[in-house]
Amino acid sequence: MKFTAFERKLQGTGASRRLRLSGKVPGIVFGAGEPTNIELDHNALFHALKKEAFHSTILEMELNGKVDQVLLRDVQYHPYKPLVLHVDFQRVDDTTKITKKIPLHFKGEADSVAVKNDKCTVDHVITELNITCLARQLPEFIEVDLSGLTLGHSLHVNDLTLPAGVKVVVHGKPNPAVATAVAPKAEEIVVVAAPAADDKTGKKGKK
């Protein structure tokens, strides 16, 4: 994905506020040299941020007639308005090693024995994975095949097929679960006692 940025000359809270009022977003690019203050068109950036690939792939940023490869590192949003307040990008090249969270794409769930035969539901325990690799090896997502999932079993990180050069960074458990088959809950039958029958006088019968 490619986008255009412009060098930002003015800095400070007041300058950033005026920039936002004019439909721009302040940002910064760091790495591979001195940090550069930039500004971007708000609407174009806002729509780009809705795309998963903008968060998890190497981007091409055109700045002052030069194209750099960058990675989105941070986004600050307004607490309740649909506004982007600030963005951070990192310059990368083929030798840059990065650590980043990548989304998981699940497939084959409906074809699994757990779902087809045992009527299980599949709990996606985690939906993204922290990985480390060279920038040129960064995948847009990692595919998780659930077609072999069976009742009472889970798919773990070590079961995933990772792209070449990609390693998982885990904290705590060395092999956490990614997805698990949850058995259907048994239906509870509630029996409601009938009220005592009235006698001919219209009064409830004595026990």
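Student: What do β4 and β5 form, and which residue in the turn has a positive phi?
Tutor: β4 and β5 form a hairpin with two residues between them, and N64 in the turn has a positive phi of about 55°. The model is predicted, so local features need pLDDT of at least 70 and side-chain atom pairs pLDDT 80 or more, while totals for chains, interfaces and linings use all residues. Numbering runs from 1 along each chain as its sequence is written, and side-chain values use heavy atoms, without hydrogens or water.

Student: How do you know that β4 and strand β5 are paired?
Tutor: Strands are DSSP runs of E with at least two residues, helices are runs of H or I with at least four, and both are numbered from the N terminus. Two strands pair if DSSP finds at least two bridges between them. Five bridges join β4 (residues 59-63) to β5 (residues 66-77), and these two run antiparallel. M61 stands opposite D68 in β5.

Student: How many bridges join strand β1 to β4, and do they run parallel or antiparallel?
Tutor: Four bridges join β1 (residues 2-7) to β4, and the strands run parallel. The bridge partner of A5 in β4 is L63.

Student: Which residues make up the covered and uncovered faces of strand β4?
Tutor: L59, M61 and L63 are on the covered face, whereas E60 and E62 are on the uncovered one.

Student: Why is the pair of F54 and F89 called edge-to-face?
Tutor: Rings of Phe, Tyr and Trp (its six-membered ring) pair if their centres lie within 6.5 Å; planes under 30 degrees apart are stacked, over 60 edge-to-face, and the rest tilted. By this rule there are three aromatic pairs. For F54 and F89 the centres are 6.4 Å apart and the planes stand at 85°, so the pair is edge-to-face. F54 lies in helix α3 (residues 52-56) and F89 in strand β6 (residues 84-91), so the pair ties together parts 35 residues apart in sequence. Ring pairs link F3, F54 and F89 into a cluster.

Student: What makes F54 buried?
Tutor: Buried means under 20% relative accessible area, exposed over 50%, and partly exposed in between (1.4 Å probe, protein chains only). F54 has 2%, so it is buried. F89, at 0%, is buried as well.

Student: How do you know that the buried residues of α1 line one face of the helix?
Tutor: The buried residues of α1 (residues 13-21) are A15, S16 and L19. Seen down the axis, they fall within an arc of 100°, so they line one face. That arc is taken over the directions from the helix axis to the C-beta atoms. T13, R18 and L21, on the other side, are exposed. The buried residues pack against β2 (24-30) and β3 (36-41), where contact means heavy atoms within 4.5 Å.

Student: What makes the pair of Q90 and R73 a polar contact?
Tutor: A polar contact is a pair of N or O atoms within 3.5 Å; within protein, one must be able to donate a hydrogen and the other to accept it, and residues adjacent in sequence count only if both atoms are side-chain atoms. The side chains of Q90 and R73 make such a contact at 2.8 Å. Q90, in strand β6, has 14% relative accessibility and therefore counts as buried.

Student: How many disulfides does the structure hold?
Tutor: A disulfide is a pair of cysteine sulfur atoms within 2.5 Å, and the structure holds zero. C120 is buried at 6% relative accessibility, and C133 is buried at 1%.
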